[in-house]
Amino acid sequence: MDQLRFDNRVAIVTGAGGGLGKAYALLLGSRGAKVVVNDLGGGRDGSGKSNFADAVVKEIKDKGGIAVADYNSVVEGEKIIKTALDNFGRVDILINNAGILRDKSFTKMSEQDWDLIHAVHLKGAFKTTQAAWETFRKQKYGRIIMTSSNAGLFGNFGQANYSAAKLGLVGLANTLALEGAKYNVKINTIVPTAASRLTEDILPPEMFQAMQPELIAPVVAYMVHESFPDTGLVIDSTLGFATKTHLVRSSGAPLRKKPSDLVTVESVKENWSKVVDMNGAKHLDKIAEVTLDLVEKLQEFDERAKLDSERESYWTTYSYNSKDLVLYALGVGASVVNPSDLKFLYESHENFAPLPTYFILAGMCMESPIVATSMPPGKHADFTNILHGEQYIEFLGDMPGTEGTFTTRCYVADILDKGSSAVAIVNSEIYQDKQLLCRTQQHIFVLGQGGFGGPRNSKISVNVENAPKRAPDAVVEQKTAEDQAALYRLSGDLNPLHIDPNVATVSGHPKPILHGLASLGFSARHVLAKFAGNEPANVKALKARFVKPVLPGHTLVTEMWLEGKRVHFQTKIKETGNTVIAGAYIDLKSVVSGEGPSAPAAAQATGSLKSDALFAKIKEEVDKNQEKAKSVGGIFQYNITDNGKTIKQWTLDLKAPKVHDGPPKSGKADTTMTVSDSDLVEIASGSLNPQVAYMKGKLKISGNIMLAQKLGPLLKSDSKL
C-alpha cells in the first residue's frame with residue numbers, strides 16, 4: 001500500500017509539547033508536513049511554563065522534518081494561526097488537542113475551575129478554528145480535529161467542568177461539519193485514551209505504559225489526510241483499537257391513543273417503556289432528518305388512529321435478512337440434497353429467494369394481547385387454552401425481497417361461538433414503506449370458551465375447500481427429522497411444547513410435537529416444486545386447516561390436485577394415515593408443471609439510482625479504451641437490488657465491447673453479479689472491500705468468478721471508481 005504523505009501541507013497541533021499532541025506532531029512531520037508545534041508549556045492544571053515545544057521541534061528537525069514552536073495560548077488562537085501563515089504561508093490541518101484538568105467534586109468546584117477548563121478546551125478550540133476558517137474556505141481545503149473524551153460522552157465523577165466542555169466540542173464539530181462541507185473543510189472528533197501529562201497519576205502504572213499515544217496518532221493522521229472521506233464523525237481510540245460513536249434515537253411512542261386525546265402524566269407513564277425501548281433505534285445525521293422523522297411519525301400516528309377507530313389494533317415491526325430465510329428453509333425441510341432447494345439455502349445464489357410461507361411469521365399475533373382483550377365477558381384466552389386452527393396468506397403484489405423490515409397491524413375481525421370453544425379470527429396487514437404487501441388471517445381456537453351466544457360463522461372468514469374426490473395429480477413424501485421441531489422453533493415460535501418433553505407430556509403427547517406451520521411449510525414447498533416451477537413469485541395466496549399434530553420423525557405425504565390455477569392439497573402422516581392438514585389450497589399466478597427453478601424476470605427500475613452514475617463512467621471509459629476492454633473478453637451482468645429485489649440490470653459486454661442497461665442483448669452472461677445499489681456505490685468508492693462484501697453475502701457472484709477478478713483491475717485503472 002502506498003504511504004499516505006502530507007507533503008506541502010501545513011499542520012498546527014495545539015498542546016503538542018508532550019503526550020498525544022507530541023505523537024501527532026512527530027508523525028505528521030515524518031510524513032512531510034510542516035508542523036507548528038503549539039504548547040503553552042504549563043502543567044496539567046495550566047500553571048507554570050516550560051520549553052516542551054522547542055524539544056519537539058528539535059526532534060522533528062533532527063529527523064529531517066520542518067517545524068516551528070509556538071507558545072501562544074489557544075484562547076488567542078489567531079496568534080497560533082499567524083505563526084503558521086508567517087512561517088509557511090498557509091495552513092491545511094488544525095488539531096485542537098490542548099487541554100488541562102481541574103478535577104473536583106461538583107459541590108467543591110469553583111467558578112474559576114469551571115471557566116479555566118472551558119477557556120482552554122472549548123473556547124480555545126473555537127478561537128483557533130475560527131482564526132483558520134477563512135483561510136480554509138478560500139483555499140477550499142481544510143482538516144480539523146476536535147478532541148473530546150469519554151468523560152464528555154458518558155460523564156465521570158469529579159469532572160463536571162471537563163465533561164461539559166468535552167461534549168461541547170462534539171456539538172461544535174457537528175455544526176462546523178455542516179458549514180464546512182461545501183468548502184471541502186472536514187471536521188471530525190477524536191476521543192482518545194492514552195498516557196499523557198493529564199493521565200500520568202490517574203491510570204494504573206501497567207495501563208499507563210500500555211496506552212501509548214503512538215497507538216492513536218495514526219488514527220488522527222489518517223483523519224486529517226486529504227483522502228479521508230468522512231466529516232462529522234466521533235472516533236474513539238485506545239490501545240490500537242478504534243470505534244465510531246454516535247447518538248441514536250429510539251423509535252419512540254405516541255403518548256395518547258387518539259389524536260383527540262390529551263397527554264396526561266398517567267399516559268406518559270403508561271407508554272414510557274416504549275419511549276425508552278432502543279430496539280429499532282436509528283442514527284439521524286441532521287436536524288432536518290429529526291424534523292422529518294417526527295413529521296412521518298405524526299402522519300403514521302394519524303393513519304393508525306383512523307384504522308384503530310374501526311377496530312382495536314396491535315402494531316409491531318418485523319425485520320428479517322438472508323440468514324433468517326435460510327434458517328426457515330431448513331426448518332421446513334429444504335435440503336442441499338435437492339439441487340432445486342439451493343436457491344432457498346444459499347444467500348449468494350443468483351436466484352436466492354424467500355419461501356412464501358416465511359411471511360406468515362410476520363403476521364403472527366401470538367405476543368399480542370388482542371385475542372385476550374377481545375373475548376366476550378366471562379371468557380378468557382391465554383397460552384394454556386389456544387390453538388392455531390387455520391391459516392391464510394395473500395400476496396397483493398410482488399413477493400417481498402430477501403431482507404427488510406415490516407410494520408404489521410393485527411386485529412380481531414370476529415369472535416365465533418363453536419359451542420364448546422370460541423374462535424378468534426385475527427387479521428394481519430403487513431406493510432413496508434407504507435405499502436401493503438400481504439394479508440394474513442389466523443383462526444385461533446380458544447378451548448372451553450364457547451357457549452356465549454355468538455355467531456357460528458363469519459362473512460369475513462376465508463374458508464377452506466375440500467379436496468376433489470379423485471386421485472391426486474401429484475404426491476410427494478418427505479420424512480421429517482427428529483430435530484425438526486428444535487430447528488424450526490429458531491424461526492421464532494419458542495413454545496416449549498415443541499422442545500420440552502415435560503411440557504409435551506402434560507399436554508398429552510408422547511414427545512414434543514412439530515409446529516403446524518412447519519408441516520405447512522413442507523407441503524407448500526412440495527406444491528411449489530410440482531406446479532409453480534419452484535418459483536415463490538408464482539404464489540398468490542395460501543389457505544390451510546391444521547387437523548392433528550405431527551411428531552418429529554414422521555413422514556409427511558402431500559397429495560395435490562390441480563384445478564385451473566388453484567392447487568388443492570392435503571397432508572397425511574405416512575406412518576399412521578392421519579390427515580394433519582386439510583381443506584388446503586394454493587392459488588398460483590401461473591402454473592409451471594414439473595420440478596425445477598424458473599428464472600424470474602428482473603423488475604426494471606423506473607427512477608435513477610446512485611449506481612447509474614458509476615455505469616455511465618464505466619461506459620465512458622470503455623468507449624475510450626476499447627482494446628483494453630476487449631482484453632478481458634467477457635460479458636458481465638449486474639443485478640442491482642433494493643431490499644433484496646432486483647430493480648435494475650446493467651450489462652458490460654467486453655467482447656463487443658459495449659455497456660448498456662438491461663440484460664445481455666445476445667448470448668448469456670459469463671459472470672453475473674448481484675449487489676444492492678448502495679453497496680455497489682460503497683464498493684466503487686473503496687469504502688467496502690469487494691472480497692469482504694462477497695464473504696458477507698452483500699456481493700453475489702455466479703458463473704465465471706475468475707473472470708470477475710480479471711475485470712477488477714480494468715475498472716480500478718480506467719474508470720477510477
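Let's start with strands S19 and S20: S19 covers residues 635-642, S20 covers residues 645-653, and eight bridges join the two in an antiparallel run. Strands here are DSSP E runs of at least two residues, helices are H or I runs of at least four, and both are numbered from the N terminus. Across this pair, Tyr-638 sits opposite Trp-650 in S20.

A quick word on what we're looking at. This is a predicted model, where local features need pLDDT of at least 70 and side-chain atom pairs count only at pLDDT 80 or more, while totals for chains, interfaces and linings use all residues. Residues are numbered from 1 along each chain as its sequence is written, and side-chain values use heavy atoms, without hydrogens or water.

Now, the whole sheet. It is open, with five strands in the order S21-S20-S19-S22-S23 and mixed pairing; a pair takes at least two DSSP bridges. S21 (658-661) and S23 (699-703) are the edge strands, each with a single partner, so one side of each has no neighbour in the sheet. Neighbouring strands are turned by 20 degrees against each other on average, direction ignored.

What packs on the sheet, touching S19, S20 and S21? That's helix H17, residues 610-624, whose direction makes about 10 degrees with that of S20. Contact means heavy atoms within 4.5 Å, and angles, from 0 to 180 degrees, lie between N-to-C directions of axes fitted to C-alpha atoms, for helices over the stretch in contact. Helix H19 (677-685) touches S19 and S22, at about 105 degrees to S22.

Finally, confidence: pLDDT, the predictor's per-residue confidence from 0 to 100, averages 89 over the protein chain, but stays under 50 over residues 595-606.
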